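Hi,

Here is the structure I'm handing over to you.

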Amino acid sequence: AESPEQVVWTKGGTEAINLVANGLGLSIELGDEIIVSEMEHHSNIVPWHLLRERRGAVIKWIPVKDDGSLDMAAYADLLGPRTRMVAVTHMSNVLGTINPVAEITRLAHAAGSQVLIDGCQGAVHATPDVKAIGCDFY
Ligand SMILES: Cc1ncc(COP(=O)(O)O)c(C=O)c1O
C-alpha cells in the first residue's frame with residue numbers, strides 16, 4: 001500500500017467488507033448499482049444484499065464462463081453511469097481462479113465506480129500490490 005495510514009485492521013474479510021459497504025451505504029441512492037461476480041464468497045454478497053434492502057441498490061452479476069474465468073465482455077456491458085461499486089474477489093476460494101483485478105479496476109474507474117477487491121485468498125496465496133491493482137479497497 002502507499003502508506004501505513006491506508007491499512008485498516010479488522011477481524012477478517014467479512015468485517016472489512018461490511019465496513020466498506022456500511023460506509024458507502026450512507027451515500028447509496030435508489031437505483032444505484034453494485035456489481036459483484038457469480039464466484040463471490042458469501043462475505044462479498046451479503047453486505048451488498050443488505051444495502052439493496054436498506055437503500056434500494058440494484059445488484060448486477062458478472063457471469064462465470066465454463067472455464068472458470070469471469071466473462072469480461074459481459075462485465076464491460078454491466079458498467080454504467082449508475083455503477084457505484086464493483087466488488088470482486090482476487091482469487092476464488094472455490095475455483096482457484098485468479099481474476100484480472102487491475103483490468104477490472106481500470107474499467108470500473110473509467111465508469112466512475114469505486115472498486116473493492118476481496119483479498120481473503122489473494123493475500124495468502126500471492127503478494128498483492130495494491131498500488132499496481134489500483135483498487136479503492138483491498
Ligand atoms: C474469498 C473469501 N472471501 C471472504 C472470506 C471470509 O473471510 P473471513 O472469514 O476472514 O471473514 C473467505 C474465507 O475463507 C474467502 O475465502
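**The pocket**

α1 gives the largest share of the lining of the largest pocket, 5 residues. Bear in mind that this is a predicted model, where local features need pLDDT of at least 70 and side-chain atom pairs 80 or more, while totals for chains, interfaces and linings use all residues. Residues are numbered from 1 along each chain as its sequence is written, and side-chain values use heavy atoms, without hydrogens and water.

A pocket here is an open set of points on a 1 Å grid over the protein atoms alone, where a 1.4 Å probe fits and protein lies on both sides within 12 Å along at least five of seven lines; lining residues have an atom within 4 Å of a point. Besides α1 (13-25), β4 (114-118) and α6 (130-133) each supply at least two lining residues (helices are DSSP runs of H or I, at least four residues; strands are runs of E, at least two). There are 26 lining residues, with Q6, V7, V8, A16 and Y138 nearest the centre. They divide into 17 nonpolar, 5 polar and 4 charged (Gly counts as polar). The volume is about 850 Å³, taken as the space filled by probe spheres set on the points.

**The fold**

The chain has 6 helices and 4 strands, running α-β-α-β-α-β-α-β-α-α from the N terminus. Its strands form an open, parallel sheet in the order β2-β1-β3-β4 (pairing takes at least two DSSP bridges). β2 (58-62) and β4 are the edge strands, each pairing on one side only. Neighbouring strands are turned by 20° on average, direction ignored (axes are lines fitted to C-alpha atoms; angles run from 0 to 180 degrees between N-to-C directions).

In the sheet, β1 (33-37) and β3 (83-89) pair over 4 bridges, and I35 has V86 in β3 as its bridge partner. α1 packs on the sheet, touching β3 and β4 (heavy atoms within 4.5 Å), at about 165° to β4. α2 (46-55) also packs on the sheet, touching β1, β2, β3 and β4, at about 150° to β2.

**Overall size**

The C-alpha trace spans about 40 × 35 × 25 Å along its principal axes. The radius of gyration is 14 Å, in agreement with the value near 14 Å for a compact globule of 138 residues (C-alpha atoms; the rule is 2.2 Å times the number of residues to the power 0.38).

Cheers
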